[in-house]
Amino acid sequence: MVVSQLPEATATTIQFPVNPPPPDSIPSLSFQVPWTGTMATGQIFSRTTQALFYNYKQLPIQRMLDFDFLCGRETPSVAGIINPGSEGFQKLFFGQEEIAIPVHSTIEAACAAHPTADVFINFASFRSAAASSLSALKQPTIRVIAIIAEGVPESDTKQLIAYARANNKVVIGPATVGGIQAGAFKIGDTAGTIDNIIQCKLYRPGSVGFVSKSGGMSNEMYNTIARVTDGIYEGIAIGGDVFPGSTLSDHILRFNNIPQIKMMVVLGELGGRDEYSLVEAMKQGKVTKPVVAWVSGTCATLFKSEVQFGHAGAKSGGELESAQAKNQALRDAGAIVPTSYEALEDAIKETFGKLVEAGKITPVKEVKPPQIPEDLNSAIKSGKVRAPTHIISTISDDRGEEPSYAGIPMSSIVEQGYGVGDVISLLWFKRSLPRYCTHFIEICIMLCADHGPCVSGAHNTIVTARAGKDLVSCLVSGLLTIGPRFGGAVDDAARYFKDAYDRNLTPYEFVESMKKKGIRVPGIGHRIKRGDNRDKRVELLQRFARTHFPSVKYMEYAVQVETYTLSKANNLVLNVDGAIGSLFLDLLAGSGMFSKQEIDEIVEIGYLNGLFVLARSIGLIGHTFDQKRLKQPLYRHPWEDVLYTK
């Protein structure tokens, strides 16, 4: 399923003041009581609210979608994702169904594609949060912005606040976890895990409006409120920075205009004077519903020097900014303020109980939320399910701190001076072969790396390179010529030589039986080399084996076969394929590290041809680079080199 747009008629309606003050009239929040005008006079979220999520984070988006499913929403709350420089889709789950959410590279493109998405959730870092938030604020479709990052420069935040208020928009944060409307919509990681959301009864609306500076304490208070009331209707964490995009009083005044909210709970903290804007609003009679409030930080008076608590704004700058002064001011304005944080729960319970007794609240009827399907990975970790794997690997492991080849860590391979032959022995044969074996492998690679530009593989690669193709295409065009007639006879040579030797066939019997079957002896014959002009590569391999191998019985048998075939024709010499094939049999049998069954399997699978493929790739890559370096033009075969006939 691809997330679709909501119809225009279902877009969330937000009420804003008609005449907000100009930006230059907003007072400095560090010296005066903040401007008390609200940025929105009612509900800012609903069950049809959709958001654009900036800077893709899988977990918070999935938590939003799981909350949607828990609440019974029909449409996912995340309409689109903005990931600068990326486009496409991200797969996530909406209940049991996997959905594809569009990814856009720019804010403008996302807003144009999703005109009903009016919430912008910004997970950018503190370095880019302000710029991306301002860009979003300038989009006509965006009405609410949540800025998650901490450490956004205060000067940038002031500009965002001024622009938002001048254009009737809401900013939540910076340094916020976001907000939630129970049973309708939540921002990012608000309220934490699904288990916590269920425990706090956030899957359906209650009767309490809650606002706090702290996101962490919000989660705690959601739980507290759910224990002693019918739960929250809406909760907002404005963020702990010195200059929040919206204030405690902004949201309390909104809550006061939402009929479903019957009481409000406020959790402030020492530092700043935000709480005094709420005090003024209450004194002016703008708040008509019960407010239970507490300002944390009363312990600050126990310290001899000034204390900086967790948030940037949680630092008392004088008596008026102390928790005690704020609590007293709220109490004097008519708020219900307990004597301690421990007594806050009882104060909420008592206030809710009185409203129920007065008939102003009919407690919400409890409903059972649907079960969120558990992710496969978490279910496997918890031991609830078993899932079959799709791939088996026995040669390497990239889990842990470093990769390993056949159980040997990469650091050990480097520190102990392993060579290419040693790595091949680990990855191909799953064991560390003796040094003479790995040296032989390296010699084979060096001797077979190239054989000039005229052989078929090199020719194909050269023609492809001159056609302007890329490296991989050039390499593959050459590799595709490897087979029974070019470089692919190593396995067949080993297979036939081994079978003949193991059956005690004489060279005469072996060659003549192959002749009767119409099969040329693999590893015997050369287009250029002769009995009196042997292949130097074959001589080098034989000399090394006779010096270092414990046994060369298969090679000696191949030499006897060559002696017989040379009696028939001078070009029927043992070629490099035959030399490598027979000597590899000696390596496998003589090392004592392979069983007969393993040797047969290695020959049958095609290990030995793998040596030629690996080696010749070096030369083919070289020919590709050579042609490109020489800037050779497109190759066209000369017509005089073609026999045209009927």
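Reply: **Salt bridges, pair by pair**

Lys384 and Glu374 join their side chains in a salt bridge, with N and O 3.2 Å apart. This pair ties together distant parts of the chain, ten residues apart. Lys384 lies in the loop between α11 (376–381) and β14 (396–397). Glu374 lies in the loop between α10 (344–357) and α11. Lys384 has 59% relative accessibility, so it counts as exposed. Glu374 has 40%, so it is partly exposed. Keep in mind that the model is predicted.

Why can such pairs form at all? Side chains of opposite charge can pair when their charged atoms come close.

Next comes a pair within one helix. Arg495 and Asp492 form a salt bridge at 2.4 Å, N to O. Both sit in helix α17 (residues 490–502). They are three residues apart, which means about one helical turn separates them. Arg495 is partly exposed, at 26% relative accessible area. Asp492 is also partly exposed, with 25% relative accessibility.

Now a pair between two helices. Arg546 bridges to Glu556, and their closest N and O atoms are 3.3 Å apart. Arg546 belongs to helix α19 (residues 536–548), while Glu556 belongs to helix α20 (residues 553–566). The two residues are ten apart and link distant parts of the chain. Arg546 is partly exposed, at 44% relative accessibility. Glu556 is partly exposed too, at 30%.

Some salt bridges share partners. Lys498, Asp502, Lys596 and Asp600 are joined into one network this way. Across the whole structure, the search finds 28 salt bridges.

Methods: Residues numbered from 1 in each chain as written. Predicted model: local features only at pLDDT ≥ 70, side-chain atom pairs only at ≥ 80, totals over all residues. Heavy atoms only, no water. Salt bridge = Lys/Arg side-chain N within 4 Å of Asp/Glu carboxyl O. Helix = DSSP H or I, 4+ residues; strand = E, 2+ residues; numbered from the N terminus. Buried < 20%, exposed > 50% of the residue type's maximum accessible area, 1.4 Å probe, protein only.
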